[in-house]
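Thanks for coming, everyone. Let me put the model up on the screen, and then I'll talk you through it.

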Amino acid sequence: MKITLKKPVLRIVRGKTQYPLRAIDIDEYLIGGGSSCQLQLSADGVPMIFAIIKPDADAHCIEAMFPYPELVVNGAVTRRSRLQPGDEFSIGNYRFEYLIAEVEHELRTTDGESAPAKAPKLDDSVFPNRVTKAETKPLSAAQLVEKLEQELNLLDDLGHYDDIIDEYYSDELPGSERRIA
């Protein structure tokens with residue numbers, strides 16, 4: 001079953017970027033020059049956190065935290081504005097468009113319409129230090145830490161086998177594809 005979701009996005013109209021569409025996928029979307037911002041502007045004079053976009057009923061509001069550079073929404077200088085799909089705003093030399101994108105998602109059901117995918121079981125020899133819940137109950141905190149350290153060391157040792165494991169899963173699961181995230 002497919003459903004269509006409406007997701008807010010910013011389209012970068014003016015300004016250099018590899019990714020001209022940015023999803024507004026958190027409640028407090030920060031714009032500014034700082035590394036904590038979801039949308040980083042590299043121009044001189046842009047404060048670390050210049051503006052914030054927050055959801056507001058059926059749209060989003062943008063609010064400038066500083067008077068400079070000016071926030072211009074649909075041609076008018078403002079400090080706060082409610083954004084509607086198609087609205088344009090600019091910050092300094094950057095210009096953006098607020099849009100609502102429709103995204104289709106495929107739902108998988110487990111009520112008989114489609115069977116859940118099953119991952120292949122790996123042999124227990126792959127996990128020589130596996131400890132069950134029943135085995136951990138009588139252990140002290142120091143012993144639990146020691147077991148965790150052993151598992152972390154094993155994971156470090158096996159880290160370079162990731163490509164081999166990925167190939168195993170992509171070859172074994174029907175309909176699986178290798179994808180680049």
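A bit of housekeeping before that. This is a predicted model, so local features need pLDDT of at least 70 and side-chain atom pairs count only at pLDDT 80 or more, while totals for chains, interfaces and linings use all residues. Residues are numbered from 1 along each chain as its sequence is written, and side-chain values use heavy atoms, with hydrogens and water left out.

Okay, layout. The protein has 3 helices and 11 strands, taken as DSSP runs numbered from the N terminus, with helices being H or I of at least four residues and strands being E of at least two. Reading from the N terminus, the order is β-β-β-β-β-β-β-β-β-β-β-α-α-α. Of the 181 residues, 21% are buried; buried means under 20% relative accessible area, exposed is over 50%, and partly exposed is in between, using a 1.4 Å probe and protein chains only.

Now the inside. What touches the most other members of the largest nonpolar core? In that 21-residue core, the answer is Leu10, Ile31, Ile62 and Phe89. A nonpolar core here is a set of buried Ala, Val, Leu, Ile, Met, Phe, Trp, Tyr and Cys residues joined through side-chain atoms within 4.5 Å. Strands supplying at least two residues each include β1 (2-14), β6 (59-64) and β10 (88-91), and the largest share, 3 residues, comes from β11.

Leaving aside neighbours within four places in sequence, Phe89 is in contact (heavy atoms within 4.5 Å) with residues including Leu10, Ile31, Ile62, Leu83 and Tyr94. Phe89 also belongs to one aromatic cluster with Tyr94 and Phe96.

The whole structure has 2 aromatic pairs. Tyr94 and Phe96 make a stacked one, 6.4 Å centre to centre with 15° between the planes. For the cut-offs, rings of Phe, Tyr and Trp (its six-membered ring) pair if their centres lie within 6.5 Å; planes under 30 degrees apart are stacked, over 60 edge-to-face, and the rest tilted. Tyr94 is buried at 13% relative accessible area, and Phe96 is buried at 1%.

On to charges. Side chains of opposite charge can pair when their charged atoms come close. The search finds 6 salt bridges, each a side-chain nitrogen of Lys or Arg within 4 Å of a carboxyl oxygen of Asp or Glu. In one of them, Lys6 pairs with Glu102 at 3.8 Å between the closest N and O atoms. That pair links strand β1 to strand β11, 96 residues apart, and both partners are exposed.

Arg11 and Glu97 form another, at 2.7 Å, again linking β1 and β11, this time 86 residues apart. Is Glu97 buried or exposed? Glu97 is buried at 14%, whereas Arg11 is partly exposed at 31%.

Then there's Asp56 with Arg82, 3.1 Å from N to O. Asp56 sits in β5 and Arg82 in β9 (residues 80-83), so the pair ties together parts 26 residues apart in sequence. Asp56 is partly exposed at 30%, and so is Arg82 at 35%.

Met48, Ile49, Met65 and Phe66 make a nonpolar surface patch of about 370 Å². Patches take residues with over 30% relative accessible area and no salt bridge, joining like charges within 9 Å and nonpolar side chains (Val, Leu, Ile, Met, Phe, Trp, Tyr) within 5 Å; the areas come from the Shrake-Rupley method with a 1.4 Å probe, and for residues only the protein chains shown count as cover. Met65 is in the loop between β6 and β7 and is partly exposed at 38%.
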